[in-house]
Amino acid sequence: MRKKITIVGSGNVGATAAHWMASKELGDVVLIDIIPGVPQGKGLDLLEAMPIEKRDSFVLGTEDYKDTANSDIVVITAGIPRKPGMSRDDLLNTNYKIMQDVVGKVVSNSPNCILIIVSNPLDAMAQAAYKISGFSRNRVIGMAGVLDSARFRAFIAMELGVSVENVTAFVLGGHGDTMVPLPRYSTVAGVPITELMEKSTIERLVQRTRDGGAEIVKYLKTGSAYYAPSAAVTEMVEAIIKDKKKILPCAAYLEGEYGIHGLFVGVPCKLGARGIEDVWEIRLTDEEMAALKKSADSVKELVSVVGV
Ligand SMILES: NC(=O)c1ccc[n+]([C@@H]2O[C@H](COP(=O)([O-])OP(=O)(O)OC[C@H]3O[C@@H](n4cnc5c(N)ncnc54)[C@H](O)[C@@H]3O)[C@@H](O)[C@H]2O)c1
């Protein structure tokens with residue numbers, strides 16, 4: 001049987017994620033939203049592309065959670081995106097209410113699914129979904145690090161004029177201004193970028209990565225990035241569906257790893273059929289550890305506002 005992937009929220013990120021997933025034939029895709037007709041229209045449109053793409057992914061758009069029943073993976077993108085001048089944290093109260101509405105319905109229809117949260121502010125929304133769902137921590141995962149690392153990789157490849165395929169990068173911490181790009185663990189063909197670029201160049205790319213979301217919001221004005229975010233969540237879905245045991249930076253609920261307790265923070269995780277199968281504790285310098293703790297503290301502040 002093909003796997004079933006539900007995407008809650010059929011806006012920019014949700015619909016584009018459905019596009020990537022269906023065109024990679026990862027499974028059947030259900031798009032759900034509260035705007036009447038939108039998920040149905042986008043779902044049908046995408047379904048009609050499958051003969052051209054030669055992909056047997058069934059795509060269904062709906063407003064009814066019954067159609068999402070027994071999903072293997074549910075990706076939550078429902079919520080408002082930011083506008084110029086807004087931080088991700090400004091979305092907290094609105095998106096928390098949406099999360100309260102959505103997670104219960106998802107869980108009662110798909111009690112065995114793996115949840116991947118995309119809505120912002122990411123780490124706090126993942127924490128809310130974890131608490132509302134009552135799922136074990138391996139089944140609630142936040143998407144941020146794959147996107148932030150992809151941005152860093154794109155900037156490194158452009159700077160050095162090399163293939164993006166040669167570039168790996170790690171960005172840890174919360175998905176916000178305090179995210180922690182790790183140049184020591186970012187490489188080109190296995191060579192750390194600290195050997196290839198001046199410190200000032202690396203700092204410029206790190207800052208552009210931190211501001212990567214805002215840079216796009218500034219251009220778009222009415223919404224935020226969605227091609228790279230939807231590609232990022234698709235990579236996570238693929239790792240789980242194909243049981244790839246892939247090491248990806250994800251927001252995970254930490255229970256003592258990196259000295260952090262009871263909080264979602266971005267760390268390297270092994271993704272496979274059971275969701276987060278392992279959290280990798282890589283060695284950090286004192287400076288990197290301090291940056292990760294600072295990032296965790298800002299997540300803590302947010303989750304305390306909504307009491308999760
Ligand atoms: N984690 C990340 O790295 C990352 C990256 C990009 C965007 N985001 C976040 O993802 C979210 C979606 O972004 P977008 O650009 O797709 O926004 P969008 O406005 O294009 O789409 C959001 C959709 O959610 C729907 N929605 C609202 N309430 C709902 C509910 N209760 N049930 C079902 N659907 C509901 C809306 O109708 C809309 O269609 C935002 O919060 C954004 O900040 C996160």
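This is a predicted model: local features need pLDDT of at least 70, side-chain atom pairs count only at pLDDT 80 or more; totals for chains, interfaces and linings use all residues.
**Overall build**
- You're looking at 10 helices and 14 strands in the protein chain.
- The radius of gyration is 18 Å, close to the 19 Å that the globule rule gives for 308 residues, so the chain is as compact as a globular protein of that length.
- If you want a box around it, the C-alpha atoms fill roughly 55 × 45 × 40 Å along the principal axes.
- Take the contacts with a separation of 6 or more: 68% of them pair up residues 24 or more positions apart.

**Charges**

**Nonpolar cores**
- The largest nonpolar core has 84 residues, and the members touching the most others are Met-21, Ile-76, Leu-115 and Ile-117.
- Leu-115 is worth a click: leaving aside neighbours within four places in sequence, its contacts include Val-74, Ile-76, Val-103, Val-106 and Ala-129.
- Further along the sequence, Leu-115 also contacts Ser-133, Phe-135, Arg-139, Val-140 and Ile-141.
- There's a second, separate core too, with 14 residues, among them Ile-156, Val-167, Met-179 and Ile-202.

- As background, most residues other than glycine have a negative phi, and most peptide bonds are trans.
- Against that, the peptide bond joining Asn-120 and Pro-121 is cis, with omega at about -5 degrees.
- Pro-121 belongs to the loop between strand 5 (114-117) and helix 5 (122-133).
- Asn-70 is not a glycine, yet its phi is positive, near 60 degrees.
- You'll find Asn-70 in the loop between strand 3 (59-62) and strand 4 (73-76), and with 57% relative accessibility it counts as exposed, because the cut-off for exposed is over 50%.
- Ala-189 is another non-glycine with a positive phi, this time about 50 degrees.
- Look for Ala-189 in the loop between strand 10 (187-188) and strand 11 (191-192); its relative accessible area of 58% makes it exposed.

Key:
Residues are numbered from 1 along each chain as its sequence is written. Side-chain values use heavy atoms; hydrogens and water are left out. Helices (H or I, at least four residues) and strands (E, at least two) are DSSP runs, numbered from the N terminus. The radius of gyration is taken over C-alpha atoms; the globule rule is 2.2 Å times the number of residues to the power 0.38. Contact means heavy atoms within 4.5 Å. A nonpolar core is a set of buried Ala, Val, Leu, Ile, Met, Phe, Trp, Tyr and Cys residues joined through side-chain atoms within 4.5 Å. Buried means under 20% relative accessible area, exposed over 50%, partly exposed in between (1.4 Å probe, protein chains only).
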